[in-house]
Amino acid sequence: MSKDQYKFLLSDRDIPKQWYNISADMPMGPTPVLNPHTKEPVTAEFLNVLFPMSLIEQEMSTERYIDIPEEVREIYKLWRPTPLIRARRLEKVLGTPAHIYYKNEGASISGSHKCNTAVAQAYYNKTDGTKSLTTETGAGQWGSALSIACKFFDMDLEVYMVKASYDQKPYRKIIMQSYDAEVYPSPSEQTHYGRQYLKKHPDSPGSLGIAISEAVEAAVKSNGKKKYSLGSVLNHVLLHQTVIGQECLKQMEMADEYPDVVIGCVGGGSNFSGCAFPFLQKTLTEGKKTRLIAVEPNATPTLTKGLYAFDYGDTAKMAPILKMFTLGHDFIPAPIHAGGLRYHGMAPQICMLFDAGYIEAVAVPQPETFAAAIQFAQTEGIIPAPESAHAIRVVIDEALDAKEKGEERVILFNLSGHGLLDLAAYDAYHQGKVVDDTLDITPEEIRANLPEVNL
């Protein structure tokens, strides 16, 4: 490795040919997914109302590797492999002995990591005969990615965008509409649940739980004409994102280093898992020592303050019940600009691993998060998405800790997307309008609304 090297680039032939499935190597067995109506273990027939069988099979699979269809890999070539970059200018400003690397998923065609699963999900729905999809989106990155993927496969798309983000990020809506997606602010007048919710809460900023409810209702009531697509949380979504970490393994080898720490922001958990799980495999199967740190906002501290329990995946109790760290399915988070991190729950795989001690979690306040984003932008030249800024906050803290202790430390983080369509958030920060929305919630408050499950 040249001591002055910044970028570590792969070629098209290095795009992974398989997704890595952490279920094959997890030291604990899976927890059951429950039918929201019967509270019994969910059946494939129930899930098939929402998802094509090919994705249900991936959801339940314990195969270590699953082949990536060639048609999906061909589309991946539009942006993959993404670059791994050494943040040398940030290191210099911090005066740290740590080496900081970031995987730039903002280089994708939609500006975030979400395309990795959007293309895969659209492909499998198309091959299973689906004509139209419904989905939710928080900040709009998932909706943007899926709108592109659906257009590539000649499918219709209906998007329920959390109202806070719909108002804060109008350009994401325009992107989705440019790919012929129909976009509605959630809660909306389009669904029975949306109308009910608006009657009680006309000024609601919305939540991912509400938007999921609307998208699920739209799919269920379509009489089989539409399927539902989810951008995070479920096993098959995390699976598709492991192209990130697999590329990172090759690129860290090119850099002749191996990460002591891997960091990513978490809302539902997909971009963190995509980067971290291939490194966790090395820990589980080869004895490698890497700390994995999931970073969330103080406003939605799911892992750090939530309860590990069975809960509905959505507000209207229509989506499957999952065992996860949760703030309660009826939780409405503060309308922070990191819309992709405003989810009440977390991916079950992450929750199991966090509960078992394989993953660490940190919650950070908004002002300090945006300060870190500005420092990263001013040194590395990239304005990060507000979601990614949470990871950057902890990266800087880790680098300063290494400086204080006089330790060499290799830090890798996933820059899950750029923030060029999030400039309203940065404007709010510059005007002093970004505040610390630290959530004050007790276990009793969360437990009061959890479903009763006898397992």
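## Charges over rings

The charged end of Lys 323 lies over the ring of Tyr 308, at 4.6 Å from the ring's centre. Lys 288 is placed over the face of Tyr 258, 4.7 Å from the ring centre. A charge sits over a ring if NZ of Lys or CZ of Arg is within 6 Å of the ring centre and within 35 degrees of the ring normal.

## Basis of the model

This is a predicted model, in which local features need pLDDT of at least 70 and side-chain atom pairs count only at pLDDT 80 or more, while totals for chains, interfaces and linings use all residues. Residues are numbered from 1 along each chain as its sequence is written, and side-chain values use heavy atoms, with hydrogens and water left out.

## Aromatic pairs

Rings of Phe, Tyr and Trp (its six-membered ring) pair if their centres lie within 6.5 Å; planes under 30 degrees apart count as stacked, over 60 as edge-to-face and the rest as tilted. By this rule there are 17 aromatic pairs. One of them is Tyr 20 with Tyr 65: the ring centres are 5.8 Å apart and the planes are at 50 degrees, so the pair is tilted. This pair links distant parts of the chain, 45 residues apart, with Tyr 20 in strand E2 (residues 18-20) and Tyr 65 in strand E3 (residues 65-67). Strands (E, at least two residues) are DSSP runs, numbered from the N terminus.

Tyr 20 is buried, at 1% relative accessibility, whereas Tyr 65 is partly exposed at 35%. Buried means under 20% relative accessible area, exposed over 50%, and partly exposed in between (1.4 Å probe, protein chains only). The rings of Tyr 76 and Trp 79 have centres 5.6 Å apart and planes at 70 degrees, so this pair is edge-to-face. Both Tyr 76 and Trp 79 are buried.

## Aromatic cluster

One aromatic cluster is formed by Trp 19, Tyr 123, Tyr 124 and Phe 153.

Note on methods: Helix = DSSP H or I, 4+ residues; strand = E, 2+ residues; numbered from the N terminus.
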